[in-house]
Amino acid sequence: MQTDNTLCKLIRGTQVSRSPIPHRKAITYCVDQNVLPYALYSAEQAILCSPDRDFDVLICSLDRLDIPQHFADLGIRSVHIDLHSEIAAENLPLGWLPITTYLRLWLPLYFREIYDRILYLDADTMIQTDRLSALFECDLNGCVIAGARD
């Protein structure tokens with residue numbers, strides 16, 4: 001476990017806060033500046049509903065985002081992952097989907113040496129449980145990804 005390292009040192013091509021990585025699990029949101037307020041609200045609820053949380057909370061973006069101090073004090077981190085060229089190389093459709101939609105596809109690659117489990121949440125997810133950590137313990141039966149219908 002690399003609890004004394006920082007995300008800044010571990011993630012190639014990213015910029016995040018320089019605080020130590022306290023956990024091997026993370027909740028992630030992939031957003032741009034327009035959706036950031038919704039993600040911050042959901043992330044705050046995740047933290048407030050989980051006083052003994054054993055996961056990090058990351059706001060991932062293709063662009064640099066500033067996290068207001070109130071949210072940073074809660075432990076919410078901003079992660080800038082510059083994937084513009086990778087997404088362009090894949091020739092992915094951008095018509096009705098925002099480009100940040102594709103960012104979640106690269107999260108396992110960028111966080112593979114940092115986190116054992118990543119829980120991606122949409123920015124408009126309303127957290128109403130104190131059992132959020134239990135989602136990280138679900139048996140995936142050998143699968144590398146799981147999902148839920150919206």
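Colleague: What makes you say that both faces of strand 2 are covered?

Modeller: This is a predicted model, and in it Lys 25, Ile 27 and Tyr 29 on one side of strand 2 are all buried, as are Ala 26, Thr 28 and Cys 30 on the other. Buried means under 20% relative accessible area, so with buried residues on either side, both faces count as covered. In a regular strand, side chains alternate between the two faces of the sheet.

Colleague: Why is strand 2 called largely enclosed?

Modeller: Six of the six residues of strand 2 are buried, so the rest of the structure largely encloses it.

Colleague: And what makes strand 3 mostly covered?

Modeller: Strand 3, residues 56-61, has six of its six residues buried. Asp 56, Leu 58 and Cys 60 point one way, Val 57, Ile 59 and Ser 61 point the other way, and all are buried.

Colleague: How do you know that strand 2 and strand 3 are paired?

Modeller: Pairing takes at least two bridges. Five bridges join strand 2 (residues 25-30) to strand 3, so the two count as a pair, and they run parallel. Within that pairing, Thr 28 stands opposite Leu 58.

Colleague: What else do those two strands pair with?

Modeller: Strand 3 is joined by five bridges to strand 4 (residues 76-81), again parallel. Ile 76 in strand 4 is the bridge partner of Val 57. Strand 2 is joined to strand 5 (residues 117-120) by four bridges, and these run parallel too. There, Lys 25 has Arg 117 as its bridge partner.

Colleague: What makes a residue like Tyr 29 stand out in the largest nonpolar core?

Modeller: Of the 22 residues in that core, Ile 27, Tyr 29, Val 31, Ile 59 and Ile 76 touch the most other members. Strand 2, helix 2 and strand 3 are the elements that give two or more residues to this core, and helix 2 gives the most, with six. Leaving out residues up to four places away in sequence, the contacts of Tyr 29 include Ala 39, Ala 43, Val 57, Ile 59 and Tyr 120.

Colleague: Which residues lie nearest the centre of the largest pocket?

Modeller: Those are Ile 118, Leu 119, Tyr 120, Ala 146 and Gly 147, out of 30 lining residues. The pocket holds about 1200 Å³ of space. Helix 5 (100-111) and strand 5 are the elements that give two or more residues to the lining, and the largest share, five residues, comes from helix 5.

Key
Residues numbered from 1 in each chain as written. Predicted model: local features only at pLDDT ≥ 70, side-chain atom pairs only at ≥ 80, totals over all residues. Heavy atoms only, no water. Buried < 20%, exposed > 50% of the residue type's maximum accessible area, 1.4 Å probe, protein only. Core = buried A, V, L, I, M, F, W, Y, C linked by side-chain atoms within 4.5 Å. Contact = heavy atoms within 4.5 Å. 1 Å grid on protein atoms, 1.4 Å probe; cavity = no way out; pocket = protein on both sides within 12 Å on 5 of 7 lines; lining within 4 Å. Points joined across faces, edges and corners; volume = space filled by probe spheres on them.
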